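Work through the following exercises with the sequence and the model open side by side. Each task is followed by its solution in steps.

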Amino acid sequence: MIVIKSPDEIKRIREAGRIIGKVFEKVKDFIEPGMATAEIDGIVQSVIEKSGGRPAFKGYKGFPASACISINEEVVHGFPGPRKIRLGDIVGVDVGVEYKGYFADATITFPVGKISKQAVSLMDVTQKALMAGIEKCVVGNRLSDISHAIQVTAEGAGYSVVRDFVGHGVGLNLHEDPQIPNYGFPNSGPRLKAGMVFAIEPMVNLGGYRVKVLENGWTVVTLDGSLSAHFEHTVAITPEGPEILTLW
Ligand code: MG
């Protein structure tokens, strides 16, 4: 069941989203070659806690950290740890925040110094795919219109979209119905209504769409070892159109 949120509830989700915006500003200022992913996680945790929030990922199904940090061929659910980021890497930082009982979820893939032209293009297309999906978050559209817009944007540029992981409803919990695949035919699934809140999160690969999970049981990597980028926003559907609640 897709839970409809009141304007007051959306306001509270927006407050959680603002904390994520602050997290990303701080990470952007501090991220540099030689930094361990655990240090980035520490920054994420401290900004969230200083803002009165709680890192929503920590302890979620046993996840040990505040952020998922996924480098290069890692798609999602990278474990923060001793691995050091290097010049030219692309680093996905996925953050969930609970604030006063409401949840927001967002991801940025950060470039570390100068990155390859291919990486620039992959990140650019992934952001465009996200925005194309968000533009479909309009009352009266259907759920798969979002999925389709993401897929055609990514594949139109010659890349592929990950199929095994999806976007989701969010707000009263970290993960709610519906699941929002990043691919599919348009004009199917439920009609979109005002008060629905979605985490839309295309994961786009330079090579094929297939992925595998590493032995830690969490970290997802591309099967062919190609680069992957990930961008995510929490978005409310309103009578006036889509509203991004996790502005960075
Ligand atoms: Mg998410």
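**Exercise 1. Burial and overall form**

What percentage of the 248 residues of the chain count as buried?

Solution. The model is predicted, so local features need pLDDT of at least 70 and side-chain atom pairs count only at pLDDT 80 or more, while totals for chains, interfaces and linings use all residues. Residues are numbered from 1 along each chain as its sequence is written, and side-chain values use heavy atoms, with hydrogens and water left out.

Step 1. Apply the classes: buried is under 20% relative accessible area, exposed is over 50%, and partly exposed is in between (1.4 Å probe, protein chains only). By this rule 54% of the 248 residues are buried.

Step 2. Check the radius of gyration, taken over C-alpha atoms, against the globule rule of 2.2 Å times the number of residues to the power 0.38. A compact globule of 248 residues would have a value near 18 Å, and the chain agrees because its value is 17 Å. Along the principal axes, the C-alpha atoms fill a box of roughly 45 × 40 × 30 Å.

Step 3. List the secondary structure, using DSSP runs numbered from the N terminus (helices: H or I, at least four residues; strands: E, at least two). The chain has four helices and 15 strands.

Step 4. Count contacts, meaning heavy atoms within 4.5 Å. Of those with a separation of 6 or more, 70% join residues 24 or more positions apart.

**Exercise 2. The nonpolar cores**

Find the residues with the most contacts inside the largest nonpolar core.

Solution. Step 1. A nonpolar core is a set of buried Ala, Val, Leu, Ile, Met, Phe, Trp, Tyr and Cys residues joined through side-chain atoms within 4.5 Å. In soluble globular proteins, nonpolar side chains tend to be buried together.

Step 1. The largest core holds 71 residues, and V93, V95 and F198 have the most contacts inside it. Helix α1 (residues 7-30) gives the most to this core, with eight residues.

Step 2. Take V95 and leave aside its neighbours within four places in sequence. Its contacts include I20, V23 and F24, as well as V44, I48 and F57. D105 is also one of the contacts of V95.

Step 3. Another core, of six residues, lies apart from the largest one; V162, M203, V211 and V220 are among its members.

**Exercise 3. Four residues compared by class**

Solution. Step 1. N182 is in the loop between β8 and β9 (197-200).

Step 1. E155 belongs to helix α4 (residues 143-156). With neighbours within four places left aside, E155 is in contact with V161 and R163.

Step 2. D177 sits in strand β8 (residues 176-180). Residues up to four places away not counted, D177 touches M1, I2 and G169.

Step 3. V213 is part of strand β11 (residues 211-213). Neighbours within four places aside, V213 is in contact with W218, T219 and V220.
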